[in-house]
Amino acid sequence: MTVRKLFQEDVYIKNWDAVITRETACDDGTAKLWLDQTAFFPEGGGQSCDLGHIGDMKVLDVQEDGQEVVHTVATDGNTPRVGDTFTCELDWDHRFDNMQRHCGEHILSGIFFDLFGGVNRGFHMGHDSMTIDISLEEDPKITEITYEMAMEAELAANKVIWSDAPVTVMRFDRRQDAEKLPLRKALAIDEDISIVCVGSPENAADCVACCGTHPSTAGQVGLIKIFKVEKYKGMFRIFFEAGRRALEACRLRHDILYKLSNRYSSSIEDFPDKLKASEDKSAQTKNKLHIMTNALIAKESEAVDAEISSTDAPVIIKRLEVFSMDDAFNMAKAYMGKTEKLLLLYAVPDTSFILVSSGTPACGKLVKEYASFYNGKGGGNDVSARAIFSNEEDAMLFADLITKHLK
Ligand SMILES: [Zn+2]
């Protein structure tokens with residue numbers, strides 16, 4: 001006895017009774033069940049399988065098994081037997097989500113074909129968005145799909161939804177009968193053919209072979225939103241969503257923009273201008289800071305030069321209150337390989353030293369030998385090195401040690 005596929009008769013069946021016709025218990029607390037009739041649609045065509053319950057056993061997976069359908073359930077202590085009858089319940093939210101997305105793909109693919117002669121050569125139903133890969137092979141004058149063209153297709157697809165065109169499934173036993181319809185793609189099968197038409201066959205928004213589940217009208221898809229277009233293996237990959245997920249994606253993006261524009265005390269419409277103004281101001285501040293830092297480097301260098309010429313000590317320690325390690329390094333450049341003394345430039349905010357010398361003593365070697373005594377890290381070459389500490393106390397102990405070592 002072949003299973004009766006209720007999803008082919010009425011996609012809106014959510015509850016039904018079924019008798020187990022075959023059963024295999026597995027060791028992992030699951031069982032595989034074959035039923036006399038099922039509305040659980042098996043995984044296929046890029047669409048995930050239906051979920052729900054058989055009795056109180058949760059359906060984990062549904063797969064085609066030749067002409068049959070096999071359901072994997074969590075038995076949870078149940079011992080289903082051949083001949084048992086269970087009431088089955090479909091997870092309708094999951095199914096309707098699949099139906100909205102899948103039908104959205106039909107409508108959008110039909111529109112790309114109709115507007116630009118683009119053929120859908122690949123489909124992926126991902127968690128965050130769906131993609132179709134459109135190959136431009138019908139009209140030699142059209143060589144690319146721009147974002148603007150995608151927006152034109154999006155509007156046309158939503159117009160199909162607003163028209164609430166009927167979605168009909170027609171079944172044919174013979175290929176030549178099915179081929180009388182205005183099919184978007186050549187048939188790949190010869191018998192037991194299901195053709196899905198969005199709109200009337202004479203004026204179809206889409207007409208293609210498909211055995212998936214679809215809502216009865218285009219209006220139930222609700223919304224189609226395209227997010228981006230990317231070039232992909234000589235084709236154009238369209239990222240989009242349909243149905244509730246399209247609404248949720250729009251809502252997510254709107255929420256982000258709404259919160260960001262609030263942070264800038266702006267409306268969403270004025271936000272790009274406000275952001276640009278803020279970026280310009282930030283660039284001016286950065287430039288001003290750069291000029292002031294250079295002036296401060298010159299001033300601190302003067303003080304170092306004065307100390308170099310007034311002391312016999314081989315080591316000079318210079319405390320730089322507002323300099324980052326990078327600022328101290330920029331200051332050190334003028335002394336690298338030139339100064340007779342060993343300079344220890346201490347960047348206070350970073351609790352770190354830049355060491356500079358003529359090459360003797362070798363700065364990198366000093367850091368390598370002594371910094372680790374005080375949990376310091378760093379390194380460098382003969383004329384300059386960095387010594388990085390986690391606190392000022394350790395940094396100063398390092399400086400003392402170096403000073404004593406070089407006396
Ligand atoms: Zn379909």
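Asp-192 counts as exposed because 11 C-beta neighbours lie inside 10 Å, where exposed denotes 12 or fewer other C-beta atoms within 10 Å of the residue's own, buried 20 or more, and partly exposed a count in between, with C-beta atoms placed from the backbone. The model is a predicted one, in which local features need pLDDT of at least 70 and side-chain atom pairs count only at pLDDT 80 or more, while totals for chains, interfaces and linings use all residues. Residues are numbered from 1 along each chain as its sequence is written.

**The loop between α4 and β12**
- Asp-192 lies in the loop between α4 and β12, helices (H or I, at least four residues) and strands (E, at least two) being DSSP runs numbered from the N terminus.
- Although Asp-192 is not a glycine, its phi is positive, at about 50 degrees.
- Glu-179 belongs to the loop that runs between α4 (175-178) and β12 (193-198), and Glu-179 is partly exposed, with 14 other C-beta atoms within 10 Å.

- Pro-361, in the loop between β18 (352-356) and α8 (363-370), is joined to Thr-360 by a cis peptide bond with omega near 0 degrees.
- Asn-375, in the loop between α8 and β19 (377-380), has a positive phi near 60 degrees.

**Domains**
- An automatic or database assignment divides the chain into domain 1 (4-90), domain 2 (96-260) and domain 3 (295-406).
- Seven residues of domain 1 are in contact with ten residues of domain 2, contact meaning C-beta atoms, placed from the backbone, within 7 Å.

How values were computed:
Two residues are in contact if their C-beta atoms, placed from the backbone, lie within 7 Å.
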